[in-house]
Amino acid sequence: MSTISAAAYEIPTEFEDFRATIAQMVRERVAPRAHAIDADAEYAWDIRELFAAHDLFALPFDESYGGTGTGHLMQVIAIEEVAKACAASALMLAVHDLGSLPIRLEGSQEMKKRVLPRLATGEWVPAFALSEPEAGSDPGAMKTRAVKDGSDWILNGSKNWISQAGIADVYVVFAVTDPQQRHSRGITAFLLERDRTGFTIGKPEHKLGIKGSPTAGLSFEDVRIPPQDLIGKEGRGFGLAMATLDRSRLGIAAQALGIAQGAVDYAVGYACERRQFGRPIAEFQGIQFKLADMETRTAAARELLYKAAAKADRGEADLGKYSAMAKLFCSDTAMDVTVDAVQVLGGYGYVTDYPVERMMRDAKITQIYEGTNEIQRLVVARALVTAGTR
Ligand code: COS
């Protein structure tokens, strides 16, 4: 049977203080920009500078590399707060975690010293390149190939759906290095700097939501990578990608949670103001029940996510199952809650003068990226079956 850990989480006072600081910054500086970031599909460099000034890019890193050393729980709290107002801005933080995780988990000391401090200040932007046109849910089927040339590697192939493509300074790229082996033994992770000859970025995708975060394909034509830019062990990149996703999915769950809470808060405020039949619509039970369900689901999602983040901080063995459950539950909650928020606002919910239609569009991707929710169910079920057959 699967073991159940009784330990949940505790939020230290300094985390709550930091949350309050972030919440104020989001109210004053991020929320007023959210509409334009979406409408103009612009990468908000001003928001990036603001986050850097407030040390938000330092959150994933140890103090020895210029980070805050505060761990996963503080990181998800920060992403949640930003996503309440602007999911695209929150994604800057989530991808900062995703793109740097392989280096933090298995990079050499030399690589960590070279790269992590520049990521921790926000000077450098990272990206994570696993998916390919024909290898999304099944990354083991990737075709991008790296072959040895002396001590260097030569990279050829392409990647798809890469968040922050074109913005990023460094890309973690996964490639087949031994096609004779099973994917768990034949894929290797590399660090690729943006200015390498033969490395090009595709056209940005036109997306339903998170329009302020660029997404594009990458292509590699005889790109030379020096040996010191191999991450971890040769042939063991697939496990590294999985270990990365076990942790980074917490960030997507946090983004979804923030979107959901932002939608609940907006719908409650609207329902208290909007009058029909001579009174605020918040006085009608049909609206009250909807708001109550939205808040309940969002609160439940938060408990699961914080528990999963605390497990990541404690290094517990069932982290992968919990991060998958958190990502699944938070993103399904975000989708359902934002659809309901649009309904509470009625016609006003459907137009871009109000933020809930943007929240609904932004919520959708959280059910898809960093593993579709069908994949999350697979991860959870496999963990159950493995534990059950032990
Ligand atoms: N941590 C470390 N290693 C892991 C792991 C994890 N969470 N999950 C699997 N592995 C290892 C396994 O131990 C296995 O190694 P061995 O061959 O040495 O035993 C290897 O990886 C292959 O495992 P498996 O055969 O179970 O992998 P599958 O190809 O069946 O894939 C899923 C498993 C579906 C879980 C994986 O493909 C997946 O997560 N897909 C979604 C990818 C994704 O999220 N894409 C989104 C884009 S990236 S932003």
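This is a predicted model: local features need pLDDT of at least 70, side-chain atom pairs count only at pLDDT 80 or more; totals for chains, interfaces and linings use all residues.

Two strands are said to pair if DSSP finds at least two bridges between them.

- Strand β4 spans residues 170-176 and is mostly covered, with seven of its seven residues buried.
- Cover is found on both faces of β4: V170, V172, F174 and V176 are buried on one side, and Y171, V173 and A175 are buried on the other.
- Strand β5, residues 187-193, runs antiparallel to β4, and seven bridges join the two.
- Strand β1, residues 126-129, pairs with β4 in the parallel sense over four bridges.
- In β4, the residue that stands opposite A127 is Y171.

**Strands paired with β7**

- Strand β3 (residues 152-163) and strand β7 (residues 215-225) run antiparallel and are joined by eight bridges.
- I154 has R224 of β7 as its bridge partner.
- Strand β6, residues 199-201, also pairs with β7; the sense is antiparallel and there are three bridges.
- F199 has its bridge partner in β7 at F220.

**Packing of helices α3 and α4**

- Helix α3 (residues 71-83) packs with helix α4 (residues 87-106) at an angle of about 160°, and their axes are 7 Å apart.
- Because of this angle, α3 is roughly antiparallel to α4.
- The crossing of α3 past α4 is left-handed.
- On the α3 side the contact is made by Q75, A78, I79, V82 and A83; on the α4 side it is made by A87, S89, A90, L93, A94 and D97.
- Of the residues in this contact of α3 with α4, eight are nonpolar, two are polar and one is charged.

**Burial of helix α10**

- Helix α10 covers residues 356-366 and is mostly covered, with eight of its 11 residues buried.
- The buried residues of α10 are V356, E357, R358, M359, R361, D362, A363 and T366.
- The elements that cover these buried residues include α1 (13-39), α4, α7 (237-273), α9 (319-345) and α11 (373-389).

Definitions and conventions: Residues are numbered from 1 along each chain as its sequence is written. Side-chain values use heavy atoms; hydrogens and water are left out. Buried means under 20% relative accessible area, exposed over 50%, partly exposed in between (1.4 Å probe, protein chains only). Axes are lines fitted to C-alpha atoms, for helices over the stretch in contact, and angles run from 0 to 180 degrees between N-to-C directions. Angles under 35 degrees count as roughly parallel, over 145 as roughly antiparallel, 65 to 115 as roughly perpendicular and the rest as oblique. A crossing is left-handed if the near helix is turned anticlockwise from the far one by less than a right angle, and right-handed if clockwise. Contact means heavy atoms within 4.5 Å. Ala, Val, Leu, Ile, Met, Phe, Trp, Tyr, Cys and Pro count as nonpolar, Asp, Glu, Lys and Arg as charged, and the others, Gly among them, as polar.
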